[in-house]
Amino acid sequence: MGLPMDDAVMIQKGNRSGEPYVITVNCPDKTGLGCDICHIILDFGLYITKGDVSTDGIWCYVVLWVVPHSSSSIVRWVNLKERLLSVCPACSVSFYLNEPSPRAASSPVYLLMFCSHDRRGLLHDVTQVLCELELAIQRVKVTTTPDDRVLDIFFITDNSELLHTKERQDETYKQLHAVLGQSCSCELQLAGPQYDNLQCISSLSPSVSEELFRCELSDNVFQTQALSPDMTQLKKASVTIDNSLSPGHTLLQIGCVDHKGFLYDIMRTLKDCNIQIAYGRFSPVNKGQRELDLFIRQKDGKKIVDPDKRDALCSRLKMEMFHPLRVIITNRGPDTELLVANPVELSGKGRPRVFYDVTLALKTLGICIFSAEIGRHCTSDREWEFYRFLLDEDCRFDMSSMGGRNQIVDKVRRTLMGW
């Protein structure tokens, strides 16, 4: 017999304009729940200003204060609540008996294809529509023809699970035609074998793969590629572990320059390492810095006392804080290619809104995208999601010079990190 879940997620609007919304999650606990919550909040274009989490190992209570990343963002708060409810463990007898819950079936993949006249920023405008409609981009193939027409193929899933209905499809067509024009041809259908074929995109060269996916960074590469607006702030970043303050938990203290998805990056790492959080506090920004205090333990309920495990966890967290995304520009034959990569959760989920942020940065710079692809790459210790953008060199940047390329990389990084 199930217990009521009506109040498992509550969203309260701020008392005055501009004040944060307060999201409260009160439900059974599970390892990785904090990561799942932060993933959804980031996917809705929201920024966590502060937060608290506590659990007794059976039941958890999470409170997060959030604001939209952009004042022009459209947030569907009702849909957000439904998405958050979907990751809360069911309050049922089977939960208390620790019986495994049935695995959710994967969402059907749809093929969205359209042909239109090309223009600067077109790809981002389409991506924005898909994000606002909660249509998740799984794969994409974008090509531009010699007569300045663009053929875009998106493989998408619907977070609301309604894309099979005519009403949802009509809404999608309407929003796309508002951006692309009525002369644009659009087609939407369930994906077939072509989805499997598209996952095998052109491979990266060994040298590019080494630079993009390396597990450890040299000091030179670290300083040139670390995603920080200020090297002075970057040097202040710290990860410490203390076992003296609690008889049953390890205290993890993190301080780092703030960035978009900071809490998600930490929670994702802890989830992948099977670390449970008993209590945590996420403090507001202070002079550009974030501080996070977490009382944690291993999945077996014990403190993290093994020195090698402590060092490995601290090293992993530092890498995710300093370098959660990889951004480089390289040559692809005679053309210039922008590459972006981020680690994938062990559950298979990639970081939200990466494609959205990169296309926004390139639109702001006035750079046209000749082609784009999304793929996956496996290294010895993890899976990566990577994005390839072939750039049109007809722009104000000299892509043959290091200075011009660095400006593009810097803008893309800052957009990805919310700076």
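In which sense, parallel or antiparallel, do strand β2 and strand β4 pair, and over how many bridges? Strand β2 (residues 21-28) and strand β4 (residues 59-68) pair in the antiparallel sense over eight bridges, where pairing requires that DSSP finds at least two bridges between two strands.

This is a predicted model, in which local features need pLDDT of at least 70 and side-chain atom pairs count only at pLDDT 80 or more, while totals for chains, interfaces and linings use all residues. Residues are numbered from 1 along each chain as its sequence is written, and side-chain values use heavy atoms, with hydrogens and water left out.

The protein chain has 13 helices and 16 strands, taken as DSSP runs numbered from the N terminus (helices are H or I with at least four residues, strands are E with at least two). Of its 419 residues, 50% count as buried, that is, under 20% relative accessible area with a 1.4 Å probe and protein chains only.

**Pairing around β4**

**The largest cavity**

Rolling a probe the size of a water molecule over the atoms shows where empty space is left. A cavity is here a set of points, on a 1 Å grid over the protein atoms alone, where a 1.4 Å probe fits but cannot get out, and its lining residues have an atom within 4 Å of a point. There are four cavities of 30 Å³ or more, and the largest has a volume of about 310 Å³, the volume being the space filled by probe spheres set on the points. Its lining consists of 28 residues, of which L33, G34, V53, M267 and I277 lie nearest the centre. Elements that give two or more residues to this lining include β3 and β4, together with α1 (33-43) and α10 (262-272), while the largest share, six residues, comes from β11.

**L42 in helix α1**

L42 is found in helix α1 and, at 6% relative accessibility, counts as buried. Its contacts (heavy atoms within 4.5 Å), leaving aside neighbours within four places in sequence, include H69, K260, Y264 and R351. The C-alpha atoms of L42 and L263 are separated by 9.6 Å, although these residues are 221 residues apart along the chain.

Notes: On a 1 Å grid over the protein atoms alone, a cavity is a set of points where a 1.4 Å probe fits but cannot get out, and a pocket is an open set with protein on both sides within 12 Å along at least five of seven lines; lining residues have an atom within 4 Å of a point.
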